[in-house]
Amino acid sequence: DETITWEKFKAIFSKPTAILIFLQGLPGILPWGVAQVFLNDFLNVEKELDPKESANVLTIWGVGIAASVILAGYWFDRIYKTNKTRLPIFAGVTTLIAPWLVLYIVQSQ
């Protein structure tokens, strides 16, 4: 088992490719931050939920995000260890499925 040290961290970010990968990920997190902020208002105004109910939905949303990050990390690690060529396929499929699930949740009654 390997531990992460500051030296290893600096070594990773001394490579231009690692910096590029990190920077391209930053804009990708903005839509989820916006969704988190405006979901409360959407639920209050459009879906006519009480503030407590919309707060409960946001809590469940956050727990779901945390659980999915952990679960996805586990799955991706397993796939990477068994067959590295399947990893981009799995990433692409899960990325294509995610917006449809969010759309279903937002449009449901």
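Among contacts in the protein chain between residues at least 6 apart in sequence, what percentage join residues at least 24 apart? The share is 28%. A contact here means heavy atoms within 4.5 Å.

The structure is a predicted model, in which local features need pLDDT of at least 70 and side-chain atom pairs count only at pLDDT 80 or more, while totals for chains, interfaces and linings use all residues. Residues are numbered from 1 along each chain as its sequence is written, and side-chain values use heavy atoms, with hydrogens and water left out.

The protein chain has 4 helices and 0 strands. Helices (H or I, at least four residues) and strands (E, at least two) are DSSP runs, numbered from the N terminus. Along the sequence the pattern reads α-α-α-α. The radius of gyration of the protein chain is 18 Å, well over the 13 Å that the globule rule gives for 109 residues, so the chain is more spread out than a compact globule. This radius is taken over C-alpha atoms, and the globule rule is 2.2 Å times the number of residues to the power 0.38. The C-alpha atoms fill a box of roughly 50 × 30 × 25 Å, taken along the principal axes.

Buried residues account for 6% of the 109 residues in the protein chain. Buried means under 20% relative accessible area, exposed means over 50%, and partly exposed lies in between (1.4 Å probe, protein chains only). The protein chain exposes about 9,400 Å². Carbon and sulfur atoms supply 71% of that area. Accessible areas come from the Shrake-Rupley method with a 1.4 Å probe; for residues, only the protein chains shown count as cover. The protein chain carries 9 positive and 9 negative side chains. The centres of the two sets lie 16 Å apart. Lys and Arg count as positive and Asp and Glu as negative, whereas His and the chain ends are not counted. Each charge is placed at NZ of Lys, CZ of Arg, CG of Asp or CD of Glu.

A search of the whole structure finds 5 aromatic pairs. One of them joins Trp 6 and Phe 9, an edge-to-face pair at 5.5 Å centre to centre with 85° between the planes. Rings of Phe, Tyr and Trp (its six-membered ring) pair if their centres lie within 6.5 Å; planes under 30 degrees apart count as stacked, over 60 as edge-to-face and the rest as tilted. Both Trp 6 and Phe 9 lie in helix α1 (residues 6-12). They are 3 residues apart, about one turn of the helix. Trp 6 is exposed, at 63% relative accessibility. Phe 9 is partly exposed, at 37%. The rings of Phe 13 and Phe 22 also pair: their centres are 5.5 Å apart and their planes stand at 90°, so this pair is edge-to-face. Phe 13 is partly exposed, with a relative accessible area of 28%. Phe 22 is partly exposed too, at 46%. Ring pairs link Trp 6, Phe 9, Phe 13 and Phe 22 into a cluster.

Glu 48 lies in the loop between α2 (16-45) and α3 (51-82). Its phi is positive, about 55°, although Glu 48 is not a glycine. At 67% relative accessibility, Glu 48 counts as exposed.

Ala 35 sits in helix α2 and is partly exposed, with a relative accessible area of 27%. Ala 35 and Leu 23 are 12 residues apart in sequence and 21 Å apart in space, C-alpha to C-alpha. Gly 62 sits in helix α3 and is partly exposed, at 31%. Gly 62 and Leu 23 are 39 residues apart in sequence and 24 Å apart in space, C-alpha to C-alpha.
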